[in-house]
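Q: I want to learn how to read this structure, feature by feature. Where do we start?

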There are 2 protein chains.
Amino acid sequence: MSELREDCTTRDWVIIAPERAKRPHNRPKGGLADGPPRWERSCPFCPGNESQTPQEVFRVPLPGRVSAWAARVVPSRFAALTLDGTTARIGGSYFFHKMDGIGVHEVIIETPLHNATMALMSYQQVEEVLAAYQQRYNVLKKRRQFKFITIFKSHGWASGTSLVHPHSQLVAAPIVAPYYRRKFDVAFYHYDNFRRCLYCDLLTSELERGARIVAETKQFVVFHPYASHVPWETWIIPKEHHASFGLSPPTHLTELAMVLKDSLLCLYRGLGNPDFNLMIDTASTEEEKNPYYHWHIRIMPRLTAIAGFEIGSGIYISTALPEDTARLMKQIANSCAEDECLSFKQKV
Amino acid sequence: MSELREDCTTRDWVIIAPERAKRPHNRPKGGLADGPPRWERSCPFCPGNESQTPQEVFRVPLPGRVSAWAARVVPSRFAALTLDGTTARIGGSYFFHKMDGIGVHEVIIETPLHNATMALMSYQQVEEVLAAYQQRYNVLKKRRQFKFITIFKSHGWASGTSLVHPHSQLVAAPIVAPYYRRKFDVAFYHYDNFRRCLYCDLLTSELERGARIVAETKQFVVFHPYASHVPWETWIIPKEHHASFGLSPPTHLTELAMVLKDSLLCLYRGLGNPDFNLMIDTASTEEEKNPYYHWHIRIMPRLTAIAGFEIGSGIYISTALPEDTARLMKQIANSCAEDECLSFKQKV
């Protein structure tokens, strides 16, 4: 028998139906060729092709080498939002309400290596990427026309990415996205009722129960949420309360990089380099210091297509219990080599 | 420059960025083989393999032939929800709230022909499928434990389907899905403010403007919504107000079948047999006669993967203006053969 579980952060329901894992799949494989080269002549993100991207806005240099870089941030060549226009609402009609597509859409090129993947990068490289995220976030939040900045990463064709070279994206928008509106509402409601942060309370409760915890470090907790929307959905939550990723102490990025890399490594090993989406869920730029929201990272492996029922109704059907996948992920971490998964092996 | 448009039925925003249509795509093709056979030995939905599905719950017989059928409805072999259990909420914890996965999950096998597709079926065959939808809907709504029944169709691999043989699905659930909760809220708010149905008002407004109308028939309007979430998103709305598809007059199914088939035919021609999801958006079973909601059909072509930004934020990025795609779809209808697209050629 399947279960319906409520996600306490959105108050939506998820169906967890392990029986459905037996469904036939005719999924095409490939597309992203197996084993891409270290450098690809036609890739706009590869070193030497810097002129194929719009003017760089941030760079992590490689010490001692003038033109080399460890990471770059550039505007998207196919930006969904641009700096043209204003935030004025146009039309004024009740049914046909719009505004200019104003905003910023940037790409964080995570490494010069075409065939790298975050799961296998060094802790230092991941930390540099996270520092680039935070740097751009904190620069862009100062522009008053943006209400919301989202940072996300798509890995593999099923995640919706069109490029192989490891990259993340940042979108600064003049409106709060509906998913986050709902999350903020639910968290505010909890805070208003209990005068405590929903996520702080959730962490306490998850740590007490333990069954869904993958790892606990000094500053972060990795777990599989009770109402996981997809199998192996993995959340990373900082123990210290900060509504905004922008205000997370930069000194925590070292540990965050370890925890993120180790999480991705376990998913890489457990699921065989799965396609995935990664999102940094953070407060609106106008509410960075609020007491009710608590930034975190969501990693959603994309093992099956998002189907008609999910699209149509908003109810996800998952085929694995988070208690089972959390246990498996811990086993993978435990069987790692001595110099791997260092953050998960911390004694807290 | 792109545009941000608000969907007046959900109050979420969509980014319409035609520039992004130029993005490179490495999308794998195939999976669902081109040109499947009329009959497939291993397909559980093909005639002769009836014993491979659970016990049939409804059948459209073929007149004059005892064991033959034009359409069948069977429980899903991989049901997300089943009749086991109860609707009692379990756990009682604020964070870990759940219930049994109680419900019904059925498959509507639309035709005995393995390689058929609704866009190319006869009007009569489509009408029989719609009648099967309505029949099952009206039987299942009588069970008090179900609050919500959704009927949907997934065509092609990108839509999330795992089987080629033309089929639709029905899910009866004990809770209202979050997408619909929001739609009902927004419609109720409009009704409470104006004492008029949001969708009746929207239809009036769309018909006045005309730019997004694909076809108007005696009983239905086909249009591309102002804030289309994907390119060529197509809505079919009945002119007569009914909150529930279950209460739509059975006499209207004849015209609905023509309008639906003609819409799918135009998409088939315009986009080359695109993958798509189709949803019947209808009131909750407890509110079938309410004055504020208005059932309708949404067709969402799946030309690109639902990507990280959409999944993460709920903001869709579309690459086509609905005014442009509606005009193209009208042109396709106008260039049809004399005996095609009959409903679109009606004089109203």
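A: Start with helix angles. Angles under 35 degrees count as roughly parallel, over 145 as roughly antiparallel, 65 to 115 as roughly perpendicular and the rest as oblique. The axes are lines fitted to C-alpha atoms, for helices over the stretch in contact, and angles run from 0 to 180 degrees between N-to-C directions. Helices (H or I, at least four residues) and strands (E, at least two) are DSSP runs, numbered from the N terminus. Now the case. Helix H4 (residues 253-271) and helix H6 (residues 322-334) of chain A cross at roughly 100 degrees, and their axes come within 9 Å. H4(A) and H6(A) are therefore roughly perpendicular to each other.

Q: What kind of model is this, and how are residues and chains labelled?
A: It is a predicted model, in which local features need pLDDT of at least 70, side-chain atom pairs count only at pLDDT 80 or more, and totals for chains, interfaces and linings use all residues. Residues are numbered from 1 along each chain as its sequence is written, while chains are lettered from A and ligands numbered from 1 in the order in which they are written.

Q: Which residues of H4(A) and H6(A) meet?
A: Two residues are in contact if their C-beta atoms, placed from the backbone, lie within 7 Å. From H4(A) come A:Asp262, A:Cys266, A:Arg269 and A:Gly270; H6(A) supplies A:Leu328, A:Met329, A:Ile332 and A:Ala333. For classes, Ala, Val, Leu, Ile, Met, Phe, Trp, Tyr, Cys and Pro count as nonpolar, Asp, Glu, Lys and Arg as charged, and the others, Gly among them, as polar. This contact has five nonpolar, one polar and two charged residues.

Q: How many helices and strands does chain A have?
A: Chain A has six helices and 15 strands.

Q: How are the two copies related?
A: Two copies of a chain are related by a rotation about an axis and a shift along it. Superposition is by least squares on the C-alpha atoms of residues with pLDDT of at least 70 in both. Here a rotation of 180 degrees with 0.0 Å of shift superposes chain A on chain B (RMSD 0.0 Å). The two copies are thus related as by a two-fold rotation axis. The same surface serves both copies, as 100% of the contact residues of chain A recur in chain B.

Q: How many residues does the contact take from each chain?
A: It takes 69 residues from chain A and 69 residues from chain B. H5(A) gives the most to chain A's side, with five residues. That side has 36 nonpolar, 20 polar and 13 charged residues.

Q: Is B:His294 buried or exposed?
A: A residue is buried if 20 or more other C-beta atoms lie within 10 Å of its own, exposed if 12 or fewer, and partly exposed in between; C-beta atoms are placed from the backbone. B:His294 is buried, with 26 other C-beta atoms within 10 Å. B:His294 lies in the loop between strand E12 (276-281) and strand E13 (296-301) of chain B. Among the residues that B:His294 touches are B:Cys197, B:Tyr199 and B:His241.

Conventions: Lists of a residue's contacts leave out its neighbours within four places in sequence.
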